[in-house]
Amino acid sequence: MEDQNNDDGRIVTITYYGGATREALIVDHEVPYPDGKLIVSRTDPKGFITHVNQAFVDMSGYSREELIGANHNILRHPDMPAVAFAGLWETLETGTKWHGYVKNLRKDGAFYWVKATVIPNIRDGEVVGYTSVRRKPSRSKIRESEELYETLK
Amino acid sequence: MTLNLTVSPDFAPDHIAGWYFFNTWLQRQLGNAVHLELYDSFEEQRQDLRAEKVDLIYANPYDASMLVRELGFEAIARPLAQPDETIIACREDAEFESVEDLQPGTRVATTSDPDVHTMGMIMLEPADLDSSNISIAQRSNYVLVAKSLLKREADIGFFLKAGYQDLSALIQNQMKVLVTSQISVVHHTLLVGPGMREQIPLLQERLLAMHEDDKGRSVLESLGIEQWESMDRERTEFMIDLIDTLIP
Ligand SMILES: Cc1cc2nc3c(=O)[nH]c(=O)nc-3n(C[C@H](O)[C@H](O)[C@H](O)COP(=O)(O)O)c2cc1C
């Protein structure tokens, strides 16, 4: 749902799984993924952020203090179909690794594409959280994902 | 009973003497005979690890994963500020300036070092390159990887950053770096096998203080290590989780 439009972007209402909503600024500007870096975060079993590396802070545009304790869906971009994340959580619940291409939303409204892997952190047989590591995707995979996600919205 | 010490086969040749000094230092600290076994091949070393022939190992991060999760080893220390980073380099006169300029059919020279190879392959993904559309030749060390580039037998090479920096200026001047990884949390560790568990507190205490006396400092210097930093269970698990996400 678009509420407002101007040259510097538009305000969009993002609706999360479970019904919560958030107003977010969306700017049609891509920030390129930094070469050679891995963007790393960890969450608790419910998806609240417990750890981020410096590359995560730099790319997301949020401070570390804003990120720790936040729900990981703070990065959810409205162009990402809900079904992609439903697949992520279903895969994690089976105790296995999830891979996917994700368009992420920065605090300033711009976006960045990542190739993400998420795994459960298992200690003494218990899932104590999740780790996600992102790397640089190819342009062709980004194009394919854009086309696919358009059909899933 | 003699304890068995070994080192990941990706150690720098310049540090061989250093590992023998370290072996002697360990014997003194533990009051126990220690035997150092060096291997040329990762595979041979892994066979001996699985056969429980090793008590102590300075392992690369990829093998640390198997050692901790499958063989019950515990990481007790790591060298301070020495993350393992990977470089992709090519000849200085090559027509490409970045990884994304590389095309299918690219010829890669690599080593059997599992970390560097894995990270090198990941850094090729932005160019849509993978094992199905490139050719890969394995060389036994980084000098030979560089030589493959200079002899035009390969277009790009995968290097451990420290290995690249150890190449002579003459060789480095004929090459250029396309990309360097900046991961910073993946590194070699010193691990202890299940049979040596009771000795961990003593060993860890001595390792962490090693740089404080002349004798210890000179051994560290010969290994190219400033000082040891402690590793605990969670730090190790974190590194292993991260590596798990990178393994195809
Ligand atoms: C470790 C981990 C990392 C995640 N990383 C992202 C991410 O980078 N971007 C994102 O939109 N969602 C990410 N998610 C998924 C979110 O938790 C969430 O499911 C998603 O943003 C959709 O929001 P919703 O489930 O509240 O609708 C991650 C989840 C986990 C467990």
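In chain A of this predicted model, confidence is lowest in strand E1 (residues 2-6) of chain A, with a mean pLDDT of 49, and highest in helix H2 (residues 64-67) of chain A, at 98. Here pLDDT is the predictor's confidence in each residue, from 0 to 100; helices (H or I, at least four residues) and strands (E, at least two) are DSSP runs, numbered from the N terminus. The briefing then turns to the ligand and its surroundings.

**Confidence**
- Chain A has an average pLDDT of 93, and 95% of the residues score at least 70.
- For chain B the mean pLDDT is 95, with 100% of its residues at 70 or more.
- The model has an ipTM of 0.89 and a pTM of 0.91.

**Residues around the ligand**
- The ligand is surrounded by 14 residues, a residue being counted if one of its heavy atoms lies within 4 Å of the ligand.
- The closest are A:Tyr17, A:Asn73, A:Trp89, A:Asn104 and A:Arg134.
- By type, the shell comprises seven nonpolar, five polar and two charged residues. Ala, Val, Leu, Ile, Met, Phe, Trp, Tyr, Cys and Pro count as nonpolar, Asp, Glu, Lys and Arg as charged, and the others, Gly among them, as polar.

**Polar contacts (pairs of N or O atoms within 3.5 Å)**
- A backbone N or O atom of A:Tyr17 is 2.7 Å from an oxygen atom of the ligand.
- A:Asn73 places a polar side-chain atom 2.7 Å from an oxygen atom of the ligand.
- A polar side-chain atom of A:Arg134 is 3.1 Å from a nitrogen atom of the ligand.

**Burial and contributing elements**
- Taken alone, the ligand exposes 600 Å², of which the protein buries 94%; the areas come from the Shrake-Rupley method with a 1.4 Å probe.
- Helix H3 (82-93) and strand E8 (126-135) of chain A are the elements that give two or more residues to the shell around the ligand.
- E8(A) gives the most, with three residues.

**Conventions**
- Residues are numbered from 1 along each chain as its sequence is written, and chains are lettered from A and ligands numbered from 1 in the order in which they are written.
- Local features need pLDDT of at least 70, side-chain atom pairs count only at pLDDT 80 or more, and totals for chains, interfaces and linings use all residues, while side-chain values use heavy atoms, with hydrogens and water left out.

Note on methods
Polar contact = N/O pair within 3.5 Å; in protein donor to acceptor, adjacent residues only side chain to side chain.
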